[in-house]
Amino acid sequence: MKQFEELRGMLHMAEQAPRLGVVAAQDRHTLEAVAAAAGEGIVTPVLYGRGREIAPLWEQLAPALPLPELVETQTVEQCISAALSGVRDGTLACIMKGAL
């Protein structure tokens, strides 16, 4: 693969969108990208962080999409630990950093 469009094409052809863990998801720019990818159906996000900050941002950025699965954590360390556990146990395909 040499271009992002090739990756996007592969993800569109996938039977099921991979679960993407977003660490410290309370970041506007990160959520914009995640919402766009979720809207295209190329990822299923799992958001890790402070829900009271994440939920209103998601509603602003993706009002047509339901709030993804949210794993409430208070510290960056908790976010990282929880997301890495998801990768280790196979419930997440990959992770993305947010407000780190």
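**Close-up views of a predicted model**

At 26% relative accessibility, R19 counts as partly exposed, a label for values between buried (under 20% relative accessible area) and exposed (over 50%), with a 1.4 Å probe and protein chains only as cover. This is a predicted model, in which local features need pLDDT of at least 70 and side-chain atom pairs count only at pLDDT 80 or more, while totals for chains, interfaces and linings use all residues. Residues are numbered from 1 along each chain as its sequence is written, and side-chain values use heavy atoms, with hydrogens and water left out.

**View 1. The whole protein has four helices and four strands.** Helices (H or I, at least four residues) and strands (E, at least two) are DSSP runs, numbered from the N terminus. Along the sequence they follow the pattern α-β-α-β-α-β-α-β. Of the 100 residues, 34% are buried. The protein exposes about 5,900 Å², and carbon and sulfur atoms supply 57% of that area. Areas come from the Shrake-Rupley method with a 1.4 Å probe; for residues, only the protein chains shown count as cover.

**View 2. R19 forms a salt bridge with E69.** A salt bridge here is a side-chain nitrogen of Lys or Arg within 4 Å of a carboxyl oxygen of Asp or Glu. The closest N and O atoms of R19 and E69 are 3.2 Å apart. R19 lies in strand β1 and E69 in strand β3 (residues 69-72), so the pair ties together parts that are 50 residues apart in sequence. E69 counts as partly exposed, at 41% relative accessibility. By this rule the protein has three salt bridges.

View 3. Between E53 and R50, the closest N and O atoms are 2.6 Å apart. The E53 and R52 side chains meet at 3.9 Å, N to O. R52 counts as exposed, at 58%.

**View 4. Strands β1 and β2 run parallel, joined by five bridges.** Two strands pair if DSSP finds at least two bridges between them. V22 stands opposite L47 in β2. Strand β2 (residues 44-49) is mostly covered, with five of its six residues buried.

**View 5. The largest nonpolar core has 15 residues.** Such a core is a set of buried Ala, Val, Leu, Ile, Met, Phe, Trp, Tyr and Cys residues joined through side-chain atoms within 4.5 Å. V22, A25, L31, V34, L47 and W58 have the most contacts inside this core. β1 (19-23), α2 (28-40) and α3 (51-61) each give two or more residues. α2 gives the most, with five. Leaving aside neighbours within four places in sequence, L47 is in contact (heavy atoms within 4.5 Å) with residues including I54, L67, P68 and V71. A second, separate core of seven residues includes A24, Y48, C79 and A83.

**View 6. A nonpolar surface patch covers about 430 Å².** V76, I80, L84, V87, I95 and L100 make this patch. Patches take residues with over 30% relative accessible area and no salt bridge; like charges are joined within 9 Å, and nonpolar side chains (Val, Leu, Ile, Met, Phe, Trp, Tyr) within 5 Å. Helix α4 (residues 76-88) gives the most to the nonpolar patch, with four residues. V87 lies in helix α4. At 34% relative accessibility, V87 counts as partly exposed.
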